[in-house]
Amino acid sequence: MYLFKDKSVMDEYVLKISAEKIGIHPDTLRRIVNGKQECSKLTAYCITKYINSNAEIEDFFEKKGE
């Protein structure tokens, strides 16, 4: 599971747009970005590529557990 590192990257507008494009509920994305919910590698990848197509998952997320 992956935990988001830097909340300052996203704002409310981006949360709504990216949640639709990523295919998850805006509330779920908000919890992930606020560090209250972990996500799968696939979700972390989608969020990362939405923020910056050249970034890696490790730039925005830290891996928790196995």
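These entries go from the whole chain to single residues.

**Ground rules**

I am working on a predicted model, where local features need pLDDT of at least 70, side-chain atom pairs count only at pLDDT 80 or more, and totals for chains, interfaces and linings use all residues. Residues are numbered from 1 along each chain as its sequence is written, and side-chain values use heavy atoms, with hydrogens and water left out.

**Entry: overall fold**

I looked up the secondary structure. The protein chain has four helices and two strands. I took helices (H or I, at least four residues) and strands (E, at least two) as DSSP runs, numbered from the N terminus. The order from the N terminus is β-α-α-α-α-β. The radius of gyration is 10 Å, close to the 11 Å of the globule rule for 66 residues, so the protein chain is as compact as a globular protein of that length. That radius is taken over C-alpha atoms, and the rule is 2.2 Å times the number of residues to the power 0.38. Along the principal axes, the C-alpha atoms fill a box of roughly 30 × 25 × 20 Å.

**Entry: burial, contacts and charge**

I checked burial next. Of the 66 residues, 32% count as buried. Buried means under 20% relative accessible area, exposed over 50%, and partly exposed in between (1.4 Å probe, protein chains only). The protein chain exposes about 4300 Å², and carbon and sulfur atoms supply 48% of that area. I used Shrake-Rupley areas with a 1.4 Å probe; for residues, only the protein chains shown count as cover.

For contacts I required heavy atoms within 4.5 Å. Among contacts between residues at least 6 apart in sequence, 58% join residues at least 24 apart.

I then compared the charges. The mean positions of the 11 positive and 11 negative charges are 2 Å apart. Lys and Arg count as positive, Asp and Glu as negative; His and the chain ends are not counted. Each charge is placed at NZ of Lys, CZ of Arg, CG of Asp or CD of Glu.

**Entry: aromatic rings**

How many aromatic pairs does a search of the whole structure find? I got two. Rings of Phe, Tyr and Trp (its six-membered ring) pair if their centres lie within 6.5 Å; planes under 30 degrees apart count as stacked, over 60 as edge-to-face and the rest as tilted.

F4 and F60 have ring centres 6.4 Å apart and planes at 10°, so this pair is stacked. The pair links distant parts of the chain: F4 is in strand β1 (residues 2-4) and F60 in helix α4 (residues 57-60), 56 residues apart. F4 is buried at 5% relative accessible area. F60 counts as buried at 11%.

F4 and F61 form an edge-to-face pair, 5.1 Å centre to centre with 80° between the planes. This pair also links distant parts of the chain, with F61 in strand β2 (residues 61-63), 57 residues from F4. I noted F4, F60 and F61 as one aromatic cluster.

**Entry: single residues**

T48 is in helix α3 (residues 41-51). T48 is buried, with a relative accessible area of 0%. Leaving aside neighbours within four places in sequence, T48 is in contact with A55, E56, I57, F60 and F61.

D27 is in helix α2 (residues 26-33). D27 is partly exposed, at 37% relative accessible area. Its C-alpha atom is 9.0 Å from that of K16, 11 residues apart along the chain.

S8 is in the loop between β1 and α1 (12-22). S8 is exposed, at 63%. S8 and N34 are 9.4 Å apart, C-alpha to C-alpha, and 26 residues apart in sequence.
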